[in-house]
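Subject: Structure for your files

Hello,

My notes on it follow below.

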Amino acid sequence: MIGDTRVLPRSTDLAMPHVWDMFARLAEPVTSAPTAQALWLVVLLAALTTLGIAAAGWLVGVVVGIGLALVMQRWRIAEWGLLPWIVLSQTVPLIAFAPVVKSWGSRVEIGSFEWQDWMSVALIASYLAFFPIAVGALKGLQSPDRIHTELMQTYAAGYWQTLAKLRFPAAVPYLLPALRLGAANAVIGAVVAEVSTGLQGGIGRILIQFAGQASGDPAKAWGPIFGAIVLGLVAAGSVALLGVILKNYRRTEESA
């Protein structure tokens, strides 16, 4: 209140429970059934399911992103033709795109292979993950100074030798932030795709399920929200292990 004017809407414990109530609810059973698991365990199992799907999508995004970066770095005309479309691809509404991917995937049958629903979610996760990786890798591959590339030419180094000895090491400071952003994007894509495609078992579905029960148990709805936050931090933090492996090339990290 400022004077007699209300600045913020009035809230109640039902609309916004206290933080300590949210954390206390994590230790309680998810339902009143005698065999019900604790809320934190349900959230953990769902988060691990989503993490596995997001990891698969991130790996696909890494392969596609770095592959596109290599093509665009090698041929300037490919950069002119592909980069605008790569940027434009991220304007497609994900929540509308996900059911289309699931519908297409359900028609894929190659011999005994059948497309699974989780593959559609992983594909959507890779769709968000590949963009920052492609842009960051391209910027990194193009980062060596001309004097360094000319030095490689004086050594009679070919394209692949220059790529391995010069361009990839120079790209590490650009690529690591891009990989972290791609990992976080893969988690977001997986969670949204689980909601849109109706995939069971992931944290996206229990987010919707528990949100529908928020009127009677508001603290419960915050359990999967906390799980999604931790999931994103774990996914992005896992990429830091690559930084330890590549510490000799990690002089400074550039923004992707």
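**Helix packing and the core**

The model is predicted. In it, the axes of helix H6 (residues 146-154) and helix H7 (residues 159-197) come within 11 Å, crossing at roughly 145 degrees. The crossing of H6 past H7 is right-handed. On the H6 side, the contact is made by His148, Thr149 and Met152; on the H7 side, Gln161, Thr162, Lys165, Leu166 and Arg167 meet them. By type, the residues of this contact are two nonpolar, four polar and two charged.

Next, the nonpolar core. The largest one has 50 residues, and Trp58, Ile133, Leu179 and Ile203 touch the most other members. Two or more core residues come from each of helix H1 (19-26), helix H2 (39-74), helix H4 (94-105), helix H5 (117-141), H7, helix H8 (203-211) and helix H9 (222-238). H5 gives the most, with 13 residues.

What does Ile133 touch, not counting residues up to four places away in sequence? The list is Trp58, Gly61, Val62, Gly65, Ile66, Leu175, Ala178, Leu179 and Gly182.

One more residue to look at is Val101, found in helix H4. Val101 has a relative accessible area of 5%, under the 20% cut-off, so Val101 counts as buried. Leaving aside neighbours within four places in sequence, Val101 is in contact with Ser120, Leu123 and Ile124. Val101 and Val121 are 20 residues apart in sequence, with their C-alpha atoms 8.5 Å apart in space.

Regards

Notes. Residues are numbered from 1 along each chain as its sequence is written. This is a predicted model: local features need pLDDT of at least 70, side-chain atom pairs count only at pLDDT 80 or more; totals for chains, interfaces and linings use all residues. Side-chain values use heavy atoms; hydrogens and water are left out. Axes are lines fitted to C-alpha atoms, for helices over the stretch in contact, and angles run from 0 to 180 degrees between N-to-C directions. Helices (H or I, at least four residues) and strands (E, at least two) are DSSP runs, numbered from the N terminus. A crossing is left-handed if the near helix is turned anticlockwise from the far one by less than a right angle, and right-handed if clockwise. Contact means heavy atoms within 4.5 Å. Ala, Val, Leu, Ile, Met, Phe, Trp, Tyr, Cys and Pro count as nonpolar, Asp, Glu, Lys and Arg as charged, and the others, Gly among them, as polar. A nonpolar core is a set of buried Ala, Val, Leu, Ile, Met, Phe, Trp, Tyr and Cys residues joined through side-chain atoms within 4.5 Å. Buried means under 20% relative accessible area, exposed over 50%, partly exposed in between (1.4 Å probe, protein chains only).
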